[in-house]
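Please look over the structure shown here before reading on.

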Amino acid sequence: MITRSKDQSATPHRKPLSRFIRVIAVAMVISALRRELSKPAAERTWQGKVWQIVPYDFRVPSWARVRERMWAPDRPSLFSPQVFGVGWTVNVGRMYTMLTSAMRSDRPAS
């Protein structure tokens, strides 16, 4: 018979900061959904800001939006609103541009 030791509980112990971040994230999602569902159906856009700071977008993702938010090397910002959900995502195109620019400037002139 296999038994668990005292160190191995059925539920893992999460660190307090991790638990706090998870609670805040869930609260933001609930707040965004509550905000949209409180509007009349004709006025729901399913996008906006939670607590006037954090962007949200619950529209069905499109390839155009994925590209606009995740691969936009000409945009000055490294972070952009999520394609779907609450928060920000990394603009990989901008990060690539920044890294290649830094690598070019580190090379000695020949």
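The model is predicted, and the protein in it has 3 helices and 5 strands. From the N terminus on, these elements follow one another as α-β-β-α-β-β-β-α.

**Overall make-up**

- Of the 110 residues of the protein, 19% count as buried, a label that applies to residues with under 20% relative accessible area.
- The protein exposes about 9100 Å² of surface, and carbon and sulfur atoms supply 62% of that area.

- In the open sheet, 3 strands are arranged in the order β1-β2-β4, and their pairing is antiparallel.
- Because β1 and β4 (85–86) stand at the edges and each has a single partner strand, one side of each is left without a neighbour in the sheet.
- Strands of a sheet pair through backbone hydrogen bonds, in either a parallel or an antiparallel way.
- Strand β1, which covers residues 47–50, pairs with strand β2, which covers residues 54–57, in the antiparallel sense over 4 bridges.
- Two of the residue pairs can be traced by name: Q47 has D57 in β2 as its bridge partner, while the bridge partner of K49 in β2 is P55.
- Helix α1, made up of residues 16–37, lies across β1, β2 and β4, and runs at about 130 degrees to β1.

**Positive phi values around the hairpin**

- Most residues other than glycine have a negative phi, which gives a background for the residues described in this group.
- The strands β1 and β2 form a hairpin with 3 residues between them, and in its turn W51 has a positive phi of about 55 degrees.
- Q52, which lies in the loop between β1 and β2, has a positive phi of about 60 degrees although it is not a glycine.
- Is Q52 buried or exposed? With a relative accessibility of 74%, Q52 counts as exposed, since the cut-off for that label is over 50%.
- W46 is found in the loop between α1 and β1, and its phi is near 60 degrees, a positive value in a residue other than glycine.
- W46 counts as partly exposed because its relative accessibility is 26%, a value that falls in between the limits of under 20% for buried and over 50% for exposed.

**A nonpolar patch on the surface**

- Which residues form the nonpolar patch on the surface? The patch is formed by I53, M70, W71, F79, W88, V90, V92, M95, Y96 and L99, which together have about 960 Å² of accessible area.
- Strand β5 (88–90) and helix α3 (92–106) each supply at least two residues of the nonpolar patch, and α3 gives the most to the patch, with 4 residues.
- Y96, one of the residues of the patch, has its place in helix α3, and at 49% relative accessibility Y96 counts as partly exposed.

Terms used:
Residues numbered from 1 in each chain as written. Predicted model: local features only at pLDDT ≥ 70, side-chain atom pairs only at ≥ 80, totals over all residues. Heavy atoms only, no water. Pairing = 2+ DSSP bridges. Contact = heavy atoms within 4.5 Å. Axes fitted to C-alpha atoms, helices over the stretch in contact; angles between N-to-C directions. Patch = residues over 30% accessible without salt bridge, like charges linked within 9 Å, V, L, I, M, F, W, Y side chains within 5 Å. Areas by Shrake-Rupley, 256 points an atom, 1.4 Å probe, with all protein chains shown as cover. Salt bridge = Lys/Arg side-chain N within 4 Å of Asp/Glu carboxyl O. Buried < 20%, exposed > 50% of the residue type's maximum accessible area, 1.4 Å probe, protein only.
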